[in-house]
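Thanks for making the time, everyone.

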Amino acid sequence: MLGYIIRRVLWIIPVLFFVSVITFVLMRATPSGPFDSFGGGRIAAPGVVAALEAKYGLNDPPHVQYLRWVGNLLQGDLGPSYKYRDRTVNDIVGEGIGTTVMLGLMAFTVAVLIGIPLGVIAALRHNGIPDYLATFVSIIGIATPSFVLAILLLVFFSVTLGWFPSQSARWWDNPSTWVLPTVALAGFPIAQIARYTRASMLEVTRKDYVRTAQSKGLRERTIVSIHMIRNALIPVVTILGPILAFLITGSFIVETIFGVPGIGRYYIVSIGQRDYGVIMAMTMLFAVAIAVLNLVVDVLYAYIDPRIRYS
Amino acid sequence: MANRSGALEAPAAATPRRSASLWGDAFRRLLKNRLAILGGIIVAFLVLVAIFGPFLTPYEYQAQDLQAVRQARGPVNPFVGPHLLGTDNLGRDLLSRLMDGARISMTVALVVQIVVLLIGVPVGAAAAWFGGRVDTLLMRITDIVYAFPDLLFIILLSVALRETAFGKALDGLLVVFVAIGLTAWVGMARLVRGQLLSLKETEFVEAAKAVGVSDFKIVTRHLLPNASGPMIVAITLGIPGAILAEATLAFIGIGAAPPRASWGSLVADGQTYLRSEPHLVIIPALAVAIALISFTFLGDGLRDALDPKLKGKQ
């Protein structure tokens, strides 16, 4: 097991290398550079652009630039931002990453706490009213893209009802503003987890050990909590890793709509502005998150299901 | 009833047995699933709208009815005039734009899954058939693609290629479709590999090898057809993801070049008027929702119908 974990951790390094090379190449293939236009469509004099490009070493051969980026990265330096020139990429990431991770974790917690009970209840009352209600909720979750959910929540609860403060300076300091972005982000994962849990519970219901427990005359509560739920959750764990990765990397739409001060909202802007350092940093951070979470899930899977053996 | 023309065939058994082929069984099970039927009917309707809708509407999706907008002092409300679902602030007929959007969404469904098949099936089949180093190499490649943040890759690729001929094809949509496909094939490759690894050890493959069938034919004629059930399910259930990805990208302004509008960009455009004209957001959002639900129902139904594990249990 330890050997397996070490090999998986080491394998993350080449994965990140390829992800960074692909991102770097795509970025440089993009026509126009970071200094071709300034805010409001102003165009800088040619001499200024040349001077800026020289200052940041953008005229060096691509592989030199890439190696310089890797060298700086290994020293913990993500490089300068070409657009927010009073801040480095480290500053930008440092300011926002806590918020993005916190938002992702809150949505994840909500999704697990609602999705799993929903799926369990639906399976226990299979084809009953609770099942139909749970199915209805998960259909709505699947059918409503996060951007639609975000807009509807914002207009209905924040603008029309005025229950939650709308955006203003330092509005994120007020915890009640966290509610709507969390719900908007959690909608889809709730549905996914509920569907998965329901299917898994229904599968377990037909198992011999459940029938044995029933014929032994065990209390219904004992059967459900000890024999059914614990076994049914094993496959559910495997989708939790991708879901958490999706919540952390996919939050940029929700962050943009609500104006959450995380790092996600910089992503789209920085691609438009060719802010190379920010693009690279975001892609790498998200790739690390995905790789690590998948590893954690695989290890966790072997831990909770002793039948799984990695060699 | 049985074989009228069959003078040379063996006499029919006393009680002609209904063929119990995998597909026949699966189709019968599918017909019993009401949600799957509903999903299938809506999918068929959406496809028909995508093909014929734009020919049937009295308006072009980009045509502006400025007079109506001037009269209404803003977007025209639905159900009042000649514009059945109203217009946007520029006087463009919402129904016509929705139908053009259906064309975009259904094309996404098709093109992305073609890309997924074209990459995922050969990669998965090669990994399973050759095994060893080929398998390791190909699976490492899928790991890299899997670790790439999907939407970020699609955005980068479409921005990088925006000015090229490829980037401009299909009003700028082709590059988005292909980019979505390039991130989505990993699941298919893993599925095909898993299926083929177990099929590879069966006796009919050994028999085929013994009579000297070539590797390529064994994979394409014997192995892949046997794995086609799970592949069809994966394709159908992959479609909502592709439609959602396209709508999300359109919402942030990546994809269809104006005046063309995907359902996602209709939602984005309507956002400004949400308080006074909520239908401009609600109607395209409903269109996305209906497409996502119906493909999910159909895919779930297909999975239940084709999953041999459930055979005889329900």
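Which residues have the most contacts inside the largest nonpolar core? Before I answer, a word on provenance: this is a predicted model, in which local features need pLDDT of at least 70 and side-chain atom pairs count only at pLDDT 80 or more, while totals for chains, interfaces and linings use all residues. Residues are numbered from 1 along each chain as its sequence is written, and chains are lettered from A and ligands numbered from 1 in the order in which they are written.

Now the answer: they are Ala150(A), Val112(B) and Ile154(B), in a core of 165 residues, where a nonpolar core is a set of buried Ala, Val, Leu, Ile, Met, Phe, Trp, Tyr and Cys residues joined through C-beta atoms within 7 Å. Buried requires 20 or more other C-beta atoms within 10 Å of the residue's own, with C-beta atoms placed from the backbone. Helix 4 of chain B, residues 94-130, gives the most to this core, with 18 residues; helices here are DSSP runs of H or I, at least four residues, numbered from the N terminus.

Turning to the contact between the chains, chain A contributes 32 residues and chain B 30 residues, two residues being in contact if their C-beta atoms lie within 7 Å. On the chain A side, the largest share, seven residues, comes from helix 1 of chain A.

Helix 11 of chain A also supplies at least two residues to that side, and seven of its nine residues are buried. Those buried residues pack against helix 4, helix 10 and helix 12 of chain A, together with helix 6 of chain B. Just after helix 11, Arg274(A) takes a positive phi of about 55 degrees.

Finally, consider helix 5 of chain A, where Gly141(A) is placed. Gly141(A) counts as buried because it has 23 C-beta neighbours inside 10 Å, and, beyond residues up to four places away in sequence, it touches Gly187(A), Phe188(A), Ile190(A) and Ala191(A). The axes of helix 5 and helix 7 of chain A come within 7 Å and cross at roughly 135 degrees, which makes helix 5 oblique to helix 7. Axes are lines fitted to C-alpha atoms over the stretch in contact, with angles running from 0 to 180 degrees between N-to-C directions; under 35 degrees counts as roughly parallel, over 145 as roughly antiparallel, 65 to 115 as roughly perpendicular, and the rest as oblique.

Key. A residue is buried if 20 or more other C-beta atoms lie within 10 Å of its own, exposed if 12 or fewer, and partly exposed in between; C-beta atoms are placed from the backbone.
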